[in-house]
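Hi,

Here is the structure I promised to pass on. Have a look at it first, and my notes on what turned up follow below.

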Amino acid sequence: MALGDIEFEVAEHVATITLNRPDAMNAVSGRMASELAWAWQTVRDTDDIFAVVLRANGDRAFCTGVDVKGDPGWFLKPNVWNSIDPGVIIAPKLHHHCWKPVVTAVQGMVAGGGQYLLNESDIIICAEEAEFFDPHANGGIVSALEPIGMLKRGVPLGEVLRWALMGTEERISAATALRIGLVSEVVARDELRDRAHRIAADIAARNPTAIQGTIRAIWESLDMTRSMALQNGMAYTHIGNPPLAERRAAPRRNGPPVYR
């Protein structure tokens, strides 16, 4: 596929997906949505890819949601009942069933629908100047899909409501994002990409079948009762784990501990 709104490369079992509309603050056009869908399906179906880094070009923004100025209606249909949630197209998990680990590196602004990409990431790190906000309230439109995804990630209800209701005037800083669990690490801007790749490469060095089973079990549990999730998880340990004798014979990966 000829790409323009994203960049896609693979090295040492790690795919790097880079949002590439910096002049539009990486807002999601119809073309970018199609290219992201292709990228997630390619990652899913390529057995030699074990992990993903998701990042963005430019300094101002990681992603500012749907491109409301240049291409606002790519997910809308003449029949309103045929319109779709744009998040299912651009994000990896729920629609594309891509169970490979996604490490997302955020710089600058994440606004509105940019949160779709974070909501289905496995690990999110950000630069010190990152900021998160929702412009829906400023435009007088309902904000529902992105904040629901934030709740499923475990961001506290009060924080999600404040994000959705306060518009562009109040923004979540990197420090607050770390405190409320929206991100798991904050680094200097010039360290962001290298840190994301180190995390992805460390995960990619492990058993990819086990990693994918872990991710799938955890994400699927979010839509299940506890007892059903435990039964599903138990099944995955039987499906994804090699026989005990094989596990004992295989070398273990035991590096020195690192604290964060």
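**What I found**

His-97 sits in the loop that runs between helix H2 (86–90) and strand E5 (102–106). Bear in mind that this is a predicted model. The phi of His-97 is positive, near 55 degrees, even though the residue is not a glycine. His-97 is partly exposed, its relative accessible area being 44%.

Asn-26 is another non-glycine residue with a positive phi, in this case about 55 degrees. You'll find Asn-26 in the loop between strand E2 (14–19) and helix H1 (30–45). Is Asn-26 buried or exposed? Asn-26 is buried, with a relative accessible area of 0%.

**Salt bridges**

Searching the whole structure gave 14 salt bridges. Here are some that I looked at.

- Glu-35 pairs with Arg-31, and their closest N and O atoms are 2.7 Å apart. Both belong to helix H1, and because they are four residues apart there, about one helical turn separates them. Glu-35 counts as buried, at 0% relative accessibility, while Arg-31 is partly exposed at 44%.
- Arg-189 and Glu-129 also meet through their side chains in a salt bridge, 3.7 Å from N to O. Arg-189 is in the loop between strand E10 (185–187) and helix H8 (192–204), and Glu-129 is in the loop between strand E7 (123–127) and strand E8 (131–133), so this pair ties together parts that are 60 residues apart in sequence. Arg-189 is partly exposed, with 27% relative accessible area, and Glu-129 counts as partly exposed too, at 35%.
- Asp-202 and Arg-206 form a salt bridge with an N to O distance of 2.7 Å. Asp-202 has a relative accessible area of 29%, which makes it partly exposed, and Arg-206 is partly exposed at 36%.
- Asp-5, Arg-21 and Asp-67 are joined in a salt-bridge network.

**The largest pocket**

What is the volume of the largest pocket? It comes to about 810 Å³. The lining of this pocket is made by 33 residues, and those nearest its centre are Thr-64, Gly-65, Val-66, Val-68 and Pro-135. At least two lining residues come from each of strand E6 (109–111), helix H4 (136–139) and helix H5 (145–153). By type, the lining residues split into 18 nonpolar, nine polar and six charged.

**A nonpolar patch on the surface**

There is a nonpolar surface patch made of Leu-151, Leu-157, Leu-161, Leu-165 and Met-166, and together they have about 480 Å² of accessible area. Which helix gives the most to this patch? That is helix H6 (residues 157–165), with three residues. Met-166 lies in the loop between H6 and strand E9 (172–173), and its relative accessible area of 39% makes it partly exposed.

**One last residue**

Tyr-116 is part of helix H3 (residues 115–119). Tyr-116 counts as buried, with 9% relative accessibility, because the cut-off for buried is under 20% relative accessible area. In sequence Tyr-116 is 72 residues from Arg-44, and their C-alpha atoms are 19 Å apart in space.

Cheers

Notes. Residues are numbered from 1 along each chain as its sequence is written. This is a predicted model: local features need pLDDT of at least 70, side-chain atom pairs count only at pLDDT 80 or more; totals for chains, interfaces and linings use all residues. Side-chain values use heavy atoms; hydrogens and water are left out. On a 1 Å grid over the protein atoms alone, a cavity is a set of points where a 1.4 Å probe fits but cannot get out, and a pocket is an open set with protein on both sides within 12 Å along at least five of seven lines; lining residues have an atom within 4 Å of a point. Grid points are joined across faces, edges and corners, and a volume is the space filled by probe spheres set on the points. Ala, Val, Leu, Ile, Met, Phe, Trp, Tyr, Cys and Pro count as nonpolar, Asp, Glu, Lys and Arg as charged, and the others, Gly among them, as polar. Patches are made of residues with over 30% relative accessible area and no salt bridge: like charges are joined within 9 Å, nonpolar side chains (Val, Leu, Ile, Met, Phe, Trp, Tyr) within 5 Å. Accessible areas come from the Shrake-Rupley method with a 1.4 Å probe; for residues, only the protein chains shown count as cover. A salt bridge is a side-chain nitrogen of Lys or Arg within 4 Å of a carboxyl oxygen of Asp or Glu. Buried means under 20% relative accessible area, exposed over 50%, partly exposed in between (1.4 Å probe, protein chains only).
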